[in-house]
Amino acid sequence: MIDDMKYTDTAQKHIDTVVQQKNDPSTVLGICFSKGMTQSPLAPHNPNGSTETLLELNEIIQRQIEATEDERKFTLQMDDLKNHYSMWADEASKVSGKKYDYEYVNKIATCADGYVNYIKLLHARPRPFQIAPLYEKKVTMIINDPRTGSYPSGHSYDAWLFAMIFTMKHPEHRNHFSRIADRISTSRMIAGVHFPSDLMAGKKLAIHALNVMIENSLLKGMV
């Protein structure tokens with residue numbers, strides 16, 4: 001049955017990260033496990049066979065039709081995490097006048113990303129391109145399968161986490177950082193790999209992860 005479909009092709013490297021970070025108190029996932037916070041803080045995703053999922057598929061297809069060439073180029077560039085992280089460092093440096101580099105942003109991601117991979121495994125939502133044919137629709141893939149479940153979006157999670165941390169450091173540039181995070185999130189629909197609700201879930205999980213980081217002093221040296 002369509003509602004029983006799960007994402008089952010998670011890359012081993014992502015599983016390895018989860019296994020390693022579960023016992024690492026310097027990471028969000030390690031803190032959550034040490035405190036017994038092993039359930040997802042997110043609401044369940046829309047059932048695969050629901051009207052809501054059909055509407056989400058239609059929204060993805062329409063967004064892909066409307067995408068400009070610049071948006072597609074940005075989507076391809078930001079799919080590469082090194083490009084994604086370097087872009088954040090460059091933008092934060094440009095608007096703040098303070099120098100940031102890839103390593104600074106990567107340090108934040110390393111601390112936090114085992115957690116989003118763990119939550120993805122719990123929800124195991126199929127990707128839009130897997131569900132679309134069941135509705136006799138087609139979602140175009142312009143990147144490779146990211147090899148994780150769809151819910152929540154890891155790119156959206158990272159982007160909003162970076163946006164919130166840079167906003168803590170430079171609150172006068174809040175709107176600039178939020179616009180970048182929105183653009184990154186939207187790019188994942190253009191790529192054909194995420195439902196709109198995955199993007200919102202990524203933002204919600206980033207807020208949760210940031211609270212864990214603040215409460216457990218994981219931001220020391222970052223903010």
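Where is the place of M168? M168 sits in helix α8, residues 154–169 (helices are DSSP runs of H or I, at least four residues, numbered from the N terminus). The model is a predicted one, with local features needing pLDDT of at least 70 and side-chain atom pairs counting only at pLDDT 80 or more, while totals for chains, interfaces and linings use all residues. Residues are numbered from 1 along each chain as its sequence is written, and side-chain values use heavy atoms, leaving out hydrogens and water.

At 38% relative accessibility, M168 is partly exposed (buried is under 20% relative accessible area, exposed over 50%, partly exposed in between, with a 1.4 Å probe and protein chains only).

Turning to the salt bridges, the structure has 7 of them (a side-chain nitrogen of Lys or Arg within 4 Å of a carboxyl oxygen of Asp or Glu). One of them joins D198 and R125 at 2.8 Å, N to O. This pair ties together distant parts of the chain, 73 residues apart: D198 belongs to helix α10 (residues 196–215), R125 to the loop between α6 (102–123) and α7 (128–131).

Another bridge pairs K94 with E91 at 3.4 Å, N to O. K94 and E91 lie about one helical turn from each other because they are 3 residues apart in helix α5 (residues 81–96). K94 is exposed at 59%, whereas E91, at 19%, is buried. E71 and R63 also meet in a salt bridge, at 2.5 Å, N to O; here E71 is partly exposed at 23% and R63 is buried at 18%.

Conventions. Helix = DSSP H or I, 4+ residues; strand = E, 2+ residues; numbered from the N terminus.
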